[in-house]
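Here is a briefing on one protein model. Look at the fold as a whole, then at a handful of residues.

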Amino acid sequence: MNPIIILGSGLAGYNVAKELRKLDKETPLMVITADSGSFYSKPMLSNALAGKKPPSAIALNSPEQMASQLNATVRATTRVTSVNATAHSVQIGDESLSYSKLVLALGADQIRLPIAGNAADAIITVNDLDDFGRFHTLLDGKKRVAIIGAGLIGSEFANDLAVGGHHAEVIDIAAQPLGRLLPPQGGDMVREKLKALGVVWHFGTGTKSVDRDDSALKVTLDNGTVISADIVLSAVGLKPRVALAQAAGLKVNRGIVVNRQLQTSDADIYALGDCMEIEGLVMPYVMPIMHAARAMGATLGGKPTPVSFPAMPVMVKTPACPTIVSPPAPGAAGEWQVEASAEGVKSLFVDSSGKLLGFALNGAATAERAKLAPQLPPVLAVT
Ligand SMILES: Cc1cc2nc3c(=O)[nH]c(=O)nc-3n(C[C@H](O)[C@H](O)[C@H](O)COP(=O)(O)OP(=O)(O)OC[C@H]3O[C@@H](n4cnc5c(N)ncnc54)[C@H](O)[C@@H]3O)c2cc1C
């Protein structure tokens with residue numbers, strides 16, 4: 001019998017394998033992954049420095065341990081080059097492997113901005129454990145890090161670097177940190193608390209160029225400011241990895257399009273995680289992966305199960321300013337109602353009838369999460 005093949009060993013790939021094995025211990029299973037195949041929790045990458053955790057402490061299980069735990073074959077450092085949906089096979093260069101069902105858990109790429117300068121290729125991104133290993137090595141003996149992007153990942157790294165003894169300067173075209181998640185008053189609190197840690201912010205400006213200047217990198221901003229840095233880290237957003245699916249003729253939009261059974265436009269190919277799009281939504285966070293993995297594990301185990309997503313608040317790992325967000329659905333009609341004090345900011349997004357559609361909580365207001373979360377509408381209701 002041909003195996004179920006899972007492409008990708010991130011939280012999506014390994015969690016669907018774990019969920020399948022709860023119901024079905026025997027169906028042949030293979031995980032193929034371009035990276036080292038270690039099991040790790042990606043969110044730990046942006047709070048490891050403060051805790052002085054080296055990359056080796058972040059990898060929780062080796063690929064060999066995962067293979068034995070999952071009764072699966074794990075092929076690490078192996079990049080699948082194409083998928084043939086008609087033949088039910090994946091290609092690794094000249095090698096072809098047949099599958100019974102295929103799961104795409106391919107993740108997303110960090111977006112790279114077109115930045116000029118003779119050191120533009122020195123700009124790094126941290127999107128997996130291997131990237132973090134390189135970042136960790138570069139940081140050795142170095143102090144100054146310029147971060148392009150003040151979103152969730154940029155702000156988390158700024159907090160972590162500052163607590164870990166580094167100097168972080170953050171650049172963003174927006175007027176505040178976490179601009180897509182927080183109204184201005186919440187952004188102000190994050191900005192001030194991280195500033196008190198030593199983070200320097202540059203808002204309302206893009207990054208023009210990065211050049212090497214003796215031993216430092218010179219980062220020139222659109223507003224004329226020049227920052228000297230040892231490392232430039234870009235964190236400006238993610239782009240789902242759709243190329244394999246697109247070349248295989250599957251339906252893709254922003255992400256790989258799936259239905260409520262998490263099936264792509266080919267009934268034997270499934271997708272979940274950062275590469276997936278469902279009902280117009282791309283949700284690059286851990287909780288959607290856990291819900292999708294449970295539903296898909298059951299479906300692959302012979303019990304077809306449609307996925308549903310409750311409201312899934314995200315904790316932003318900026319300990320200097322604890323922050324929890326549950327943004328309203330894209331395009332939702334309503335307005336922010338904000339109560340701000342020195343201790344915290346409570347921002348509620350409500351519609352014209354007063355119904356809660358989303359929230360953003362900072363500082364002491366995070367204590368209200370447990371009370372507010374059950375009032376939120378589900379992201380995708382049970383069908
Ligand atoms: C620094 C950072 C902090 C974060 N913090 C949080 C947080 O606090 N809370 C939260 O909810 N979310 C957080 N996220 C987001 C969350 O971590 C991701 O949504 C999640 O880890 C994505 O998992 P994934 O398995 O879909 O993708 P990935 O982990 O990216 O896995 C993709 C896999 O596909 C493999 N692959 C790709 N192409 C091929 C190919 N052609 N052949 C074979 N294998 C291939 C890769 O090698 C990899 O194993 C954070 C993200 C980052 C970068």
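Contact here means heavy atoms within 4.5 Å. Among contacts between residues at least 6 apart in sequence, 60% join residues at least 24 apart. This is a predicted model: local features need pLDDT of at least 70, side-chain atom pairs count only at pLDDT 80 or more, and totals for chains, interfaces and linings use all residues. Residues are numbered from 1 along each chain as its sequence is written, and side-chain values use heavy atoms, with hydrogens and water left out.

**Overall shape**

- The protein has nine helices and 24 strands. These are DSSP runs, numbered from the N terminus: helices are H or I with at least four residues, strands are E with at least two.
- The radius of gyration is 22 Å, close to the 21 Å that the globule rule gives for 383 residues, so the protein is as compact as a globular protein of that length. That radius is taken over C-alpha atoms, and the rule is 2.2 Å times the number of residues to the power 0.38.
- Along the principal axes, the C-alpha atoms fill a box of roughly 60 × 60 × 35 Å.

**Surface and charge**

- Buried residues make up 54% of the 383 residues. Buried means under 20% relative accessible area, exposed over 50%, and partly exposed in between (1.4 Å probe, protein chains only).
- The protein exposes about 16,700 Å², and carbon and sulfur atoms supply 53% of it. Accessible areas come from the Shrake-Rupley method with a 1.4 Å probe; for residues, only the protein chains shown count as cover.
- There are 34 positive and 34 negative side chains, and the centres of the two sets lie 3 Å apart. Lys and Arg count as positive, Asp and Glu as negative; His and the chain ends are not counted. Each charge is placed at NZ of Lys, CZ of Arg, CG of Asp or CD of Glu.

**Domains**

- The assignment gives domain 1 (4-109 + 239-300), domain 2 (112-234) and domain 3 (322-375). The bounds come from an automatic or database domain assignment.
- Between the C-alpha centres of domain 1 and domain 2 the distance is 30 Å.
- Across this pair, 21 residues of domain 1 are in contact with 18 residues of domain 2.

**Loop residues and their surroundings**

- T318 sits in the loop between strand 20 (314-316) and strand 21 (323-326). It is buried, at 1% relative accessibility. Not counting residues up to four places away in sequence, T318 touches S155, E156, N159, L194 and T323.
- K42 lies in the loop between strand 2 (29-32) and helix 2 (55-58). It is partly exposed, with a relative accessible area of 32%. Beyond its neighbours within four places in sequence, K42 contacts L11 and N127. From K42 to A76 the C-alpha distance is 17 Å, over 34 residues in sequence.
- A175 is in the loop between strand 10 (167-172) and helix 6 (184-196). At 63% relative accessibility, A175 is exposed. The C-alpha atoms of A175 and N2 are 53 Å apart, with the two residues 173 apart along the chain.

**Positive phi**

- Most residues other than glycine have a negative phi.
- K52 is not a glycine, yet has a positive phi of about 55°. K52 is in the loop between strand 2 and helix 2 and is exposed, at 64% relative accessibility.
- L262 has a positive phi near 65°. L262 is in the loop between strand 17 (256-258) and strand 18 (269-271). It is buried, with a relative accessible area of 0%.
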